[in-house]
Amino acid sequence: MLASRDDLPISLHSAAQVRDLDARLIAAGTPGFELMRRAAHATWRALRRRWPEAGCVSVLVGKGNNAGDGYLVAALALRAGWRVKLLAVGAADALVGDAALAKDEAVAAGNQIQPWTECTVLEGVVVDALLGTGLSGAVREPYAQAIRLLNASGLPVLAVDIPSGLCADTGRMLGVAVRADLTVSFIGLKLGLFTADAPNQVGELVFDDLQADPALVAATPRVAERMAVGSLQRLAPRPRTAHKGQFGHLLVVGGDRGLGGAALLSAESALRSGAGLVSLATRPEHVAAALARRPEVMCAGVSSANQLLGLAEKADVLVLGPGLGQGAWGRSLLSAVAGLAVPQVWDADALNLLAGGEIRLGGRCVITPHPGEAARLLGISTAEVQADRPRAVLALARRFDAVVLLKGAGSLVAASDGRIALCDRGHPVMAGAGLGDVLAGLIGALLAQGMDGYAATCLAVWLHAHAGESLARQGRGLAASDLIPTIRQLLEEFAPCLK
Ligand SMILES: NC(=O)C1=CN([C@@H]2O[C@H](COP(=O)(O)OP(=O)(O)OC[C@H]3O[C@@H](n4cnc5c(N)ncnc54)[C@H](O)[C@@H]3O)[C@@H](O)[C@H]2O)[C@@H](O)CC1
Ligand SMILES: [K+]
């Protein structure tokens with residue numbers, strides 16, 4: 001079944017864009033304190049739904065408006081008869097504006113504000129209202145120490161708007177970040193809730209639009225789109241008169257000595273996702289085994305670039321790289337076909353060869369680096385890629401004028417025109433060999449059936465992640481080939497072959 005998260009918005013914003021939306025809502029007549037009150041009510045609702053019997057909260061507050069939300073939650077909890085420990089990290093008298101009003105309301109409701117110290121004992125559900133979208137730079141003391149102790153407490157944690165310490169733009173932990181069980185986020189979804197470190201920190205995600213005017217929300221610029229049923233392009237249904245020539249001839253090139261399985265996985269994946277014809281160019285010694293496993297794949301042993309060119313000229317789409325190796329064989333094959341004017345998917349060793357600088361990418365390409373490959377392509381460290389994944393994926397798309405898939409939790413797809421899409425699905429059982437080969441074949445098959453590079457890559461990433469999630473119940477040890485029939489089924493569910 002295609003699990004749906006379509007109650008979450010599709011647009012993803014930067015912290016600055018959400019701040020801007022806040023300001024425009026206020027200018028349009030909703031006072032900031034009213035938005036804060038709505039944020040607190042949304043948080044309190046989510047808290048009672050998840051932990052109805054807790055009866056006790058520790059609310060950790062900082063100094064900005066995120067703290068303001070926390071103070072109002074403390075007021076609601078106390079009025080509901082819960083035991084409340086209201087703990088101010090840093091100087092509580094430094095609050096201004098709406099946050100100061102919220103603090104006054106918490107006190108008026110009967111709360112006592114205690115200064116947080118390293119000896120403070122937390123109790124009940126911990127509400128993290130230390131830092132929100134106003135975080136800038138690495139988390140400073142005493143916040144960092146408070147976050148470390150909170151994480152070590154073993155208590156359930158609700159993060160207000162975003163786990164404190166997580167960068168709303170990049171999803172990177174700025175030194176240290178709260179590890180939440182539940183995050184309640186407001187007004188506009190931040191991209192940083194989904195990528196880099198975020199999947200470990202956010203927990204369950206609840207969104208509340210604080211009754212923002214939909215027209216104002218729709219007019220707010222976004223940095224990315226979340227892949228979802230409503231945002232993904234579908235393959236068109238097939239006419240009843242369809243024949244195989246209409247759905248593309250895809251050629252996979254790869255499978256150096258000892259790596260034959262990778263290319264075969266890509267070919268099998270392409271076949272099972274609807275490519276009209278699938279060929280495989282590989283080392284001659286792999287041909288017999290490939291034919292025995294998958295007779296539908298036209299498998300050719302190639303020893304030279306010329307042999308490959310003869311095959312590639314008949315293909316509509318190329319998938320280059322699975323198990324290609326970086327030796328003379330792989331390099332000569334890749335150089336031979338790189339310039340062909342057909343859509344191409346560059347994966348795995350094709351990307352390492354590309355990073356070497358000798359071979360140039362042609363037009364109409366999709367490249368699929370993981371963070372290490374992206375780092376080599378950009379000439380920076382993997383840590384630098386992960387520190388700002390949106391920036392890295394966009395830099396690659398522009399540098400290579402290609403569609404780029406940056407893999408890893410919270411996968412991102414970018415086009416050179418600036419579009420970015422995020423995949424918030426997937427599962428850690430997918431961290432295994434061969435999963436990328438299956439994905440490359442799937443992207444190729446969607447290209448072969450007529451989708452453009454960006455749409456094909458987004459749909460492929462989403463189907464692949466969904467398939468992984470739906471097989472995750474069986475636990476560790478997912479074989480990449482297990483994914484192929486599930487992807488086939490999900491694709492049919494999402495885009496039926498017949499109208
Ligand atoms: N009208 C509004 O603006 C609304 C804001 N809302 C809340 O307000 C939050 C944003 O509020 P603010 O812009 O006041 O910012 P925050 O409350 O997120 O953070 C600002 C505070 O953090 C401190 N700070 C920044 N970087 C730090 C670092 N590296 N180490 C330690 N301290 C640091 C600042 O000195 C300041 O005291 C949102 O996340 C949301 O929770 C909601 O109440 C909805 C309405
Ligand atoms: K927070």
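Modeller: Let us begin with the largest pocket. In this predicted model, the lining of the largest pocket consists of 47 residues, and those nearest its centre are Ala409, Gly410, Arg425, Gly426 and His427. The volume of this pocket is about 1,200 Å³.

Biologist: Where does ligand 1 sit?

Modeller: Ligand 1 is found in the second largest pocket. Two or more residues of the shell around ligand 1 come from each of α1 (15-27), α2 (32-50) and α3 (65-79). The element that gives the most is α3, with 3 residues.

Biologist: How many residues surround ligand 1, and which are the closest?

Modeller: The shell comprises 22 residues, and Asp22, Asn66, Asp69, Gly132 and Asp161 are the closest. Divided by class, this shell holds 9 nonpolar, 8 polar and 5 charged residues.

Biologist: How should I read the polar contacts of the ligand?

Modeller: One looks for a pair of N or O atoms within 3.5 Å. Aspartate 69 places a polar side-chain atom 2.3 Å from an oxygen atom of ligand 1. For aspartate 161, a polar side-chain atom lies 2.5 Å from an oxygen atom of the ligand. Glycine 132 takes part through its backbone: an N or O atom there is 2.6 Å from an oxygen atom of ligand 1.

Biologist: How much of ligand 1 does the protein bury?

Modeller: Ligand 1 exposes 880 Å² when taken alone, and the protein buries 84% of that area.

Biologist: Let us turn to the backbone. Which peptide bond is cis?

Modeller: One reads the omega angle of the bond. The bond from glutamate 141 to proline 142 is cis, with omega near 5°. Proline 142 belongs to the loop between β5 (125-129) and α5 (143-152).

Biologist: Which residue has a positive phi although it is not a glycine?

Modeller: That residue is alanine 196, with a phi of about 55°. Alanine 196 is placed in the loop between β7 (182-186) and α6.

Terms used: Residues numbered from 1 in each chain as written. Chains lettered and ligands numbered in written order. Predicted model: local features only at pLDDT ≥ 70, side-chain atom pairs only at ≥ 80, totals over all residues. Heavy atoms only, no water. Near = heavy atom within 4 Å. Polar contact = N/O pair within 3.5 Å; in protein donor to acceptor, adjacent residues only side chain to side chain. Areas by Shrake-Rupley, 256 points an atom, 1.4 Å probe, with all protein chains shown as cover. 1 Å grid on protein atoms, 1.4 Å probe; cavity = no way out; pocket = protein on both sides within 12 Å on 5 of 7 lines; lining within 4 Å. Sits in = over half its atoms within 2 Å of the grid points. Helix = DSSP H or I, 4+ residues; strand = E, 2+ residues; numbered from the N terminus. Nonpolar A, V, L, I, M, F, W, Y, C, P; charged D, E, K, R; others polar. Points joined across faces, edges and corners; volume = space filled by probe spheres on them.
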